[in-house]
Amino acid sequence: MSDLILNVTFGVVDRSRKVPSGNRKHKRFIKRRQLERKRQQLPSAVQTKGGGLKKCGGRGRRKRKRTKGGGEREENGKQGPNGSIGNNEASTCSTQQGTSTKGPQGVNKTHKGLIGSSGSPPAPSKLVAIDCEMVGTGPGGRNSDLARCSIVGYEGDVLYDRYVKPSAPIVDYRTRWSGIRKKHMENAVPFCKAQREILKILSGKVVVGHAIHNDFKALKYSHPKALTRDTSKIPLLNRKGGFPENVSISLKRLAKELLHKDIQVGKSGHSSVEDARTTMELYKIVEAEWEQHLMLNSEQ
């Protein structure tokens, strides 16, 4: 009888458990379905690591809404303040009253409030005439600084007449023309104070003057054009005096021809009160016709 030999292994053999292939395919299918559903629900967002949501494309953009004028504005944004341009000369004084109305709308409203729709002249209480005398400051006295200002009403009554002390040292008093002397500066009003007083009177008024841009320049001020009457630029006045319409004629010559009086005579200098009154008298000659002309032009 032959011997039977048996090989018996007592160790436990660890066989890896085979996972059915069907389960692995099913899991991959489930994951794809979940991802597709998330993409459909959140097309413009992605999931972050912390579980929050962030917009795609880096920085988020605010919604912009198209305006009527063709521009765009942010729907929830706040508009910043408009930048304003300051006046270096005017800012030297603490306050500025009666400054010119900015923009055509403000000027037109004020203009219509003072002058009737039929082109009738402004009320006498709303009319003033101004004349200023200047002295020389700066290198060689070439700069013209205010040294006296006179303002009169419609009937020639004096509303303001004071000597003004310039902020810069006076180099040339120009006495022959200005009538200003050193003694007049002893009790003169400082420029900033005088400026506030003068602009308070001019505010809302129709201001008459001869070559008035020089007076406003000395005041470091700009009056609304619609409320300014410059007798050196009224063709109707020149025509009545027999002068060319487009030429600036001196106040002295206009007064002699139209008012038959002599002004600015002698060597003592000009009188700003006399010049202001003369300017108002010249304006009165053509007041009705000129205001009608201005109204028709403004309507056109």
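Cys 149 is buried, at 0% relative accessibility. Buried here means under 20% relative accessible area, exposed means over 50%, and partly exposed lies in between (1.4 Å probe, protein chains only). The model is predicted: local features need pLDDT of at least 70, side-chain atom pairs count only at pLDDT 80 or more, and totals for chains, interfaces and linings use all residues. Residues are numbered from 1 along each chain as its sequence is written, and side-chain values use heavy atoms, with hydrogens and water left out.

Stay with the cysteines. A disulfide is a covalent bond between the sulfur atoms of two cysteines. The criterion here is a pair of cysteine sulfur atoms within 2.5 Å. The structure holds 0 disulfides. Cys 132 is in none, and its nearest cysteine sulfur, that of Cys 149, is 3.8 Å away. The sulfur of Cys 149 has its closest cysteine sulfur in Cys 132, and 3.8 Å is too far for a bond. Cys 132 is also buried, with a relative accessible area of 5%.

Next come the charged pairs. A salt bridge is a side-chain nitrogen of Lys or Arg within 4 Å of a carboxyl oxygen of Asp or Glu. The count by this rule is 8. One of them joins Arg 148 to Asp 161, with the closest N and O atoms 3.0 Å apart. This pair links distant parts of the chain: Arg 148 sits in strand 6 (residues 143-152) and Asp 161 in strand 7 (residues 158-165), 13 residues apart. Strands (E, at least two residues) and helices (H or I, at least four) are DSSP runs, numbered from the N terminus. Arg 148 is buried at 12%, whereas Asp 161 is partly exposed at 34%.

Lys 284 forms a salt bridge with Glu 155, at 3.7 Å between the closest N and O atoms. Here 129 residues separate the partners: Lys 284 lies in helix 8 (residues 272-285), Glu 155 in the loop between strand 6 and strand 7. Lys 284 is partly exposed at 31%; Glu 155 is exposed at 64%. Lys 256 and Asp 262 meet in another salt bridge, 3.1 Å from N to O. Lys 256 is partly exposed at 46%, and so is Asp 262 at 49%.

Finally, turn to helix 1 (residues 21-41), which contains Arg 24. Arg 24 is exposed, with a relative accessible area of 52%. On the surface, Arg 24, Lys 25, Lys 27, Arg 28, Lys 31 and Arg 32 gather in a patch of positive charge. Patches are made of residues with over 30% relative accessible area and no salt bridge, with like charges joined within 9 Å and nonpolar side chains (Val, Leu, Ile, Met, Phe, Trp, Tyr) within 5 Å.

Conventions:
Accessible areas come from the Shrake-Rupley method with a 1.4 Å probe; for residues, only the protein chains shown count as cover. Lys and Arg count as positive and Asp and Glu as negative; His and the chain ends are not counted. The place of a charge is taken as NZ of Lys, CZ of Arg, CG of Asp or CD of Glu.
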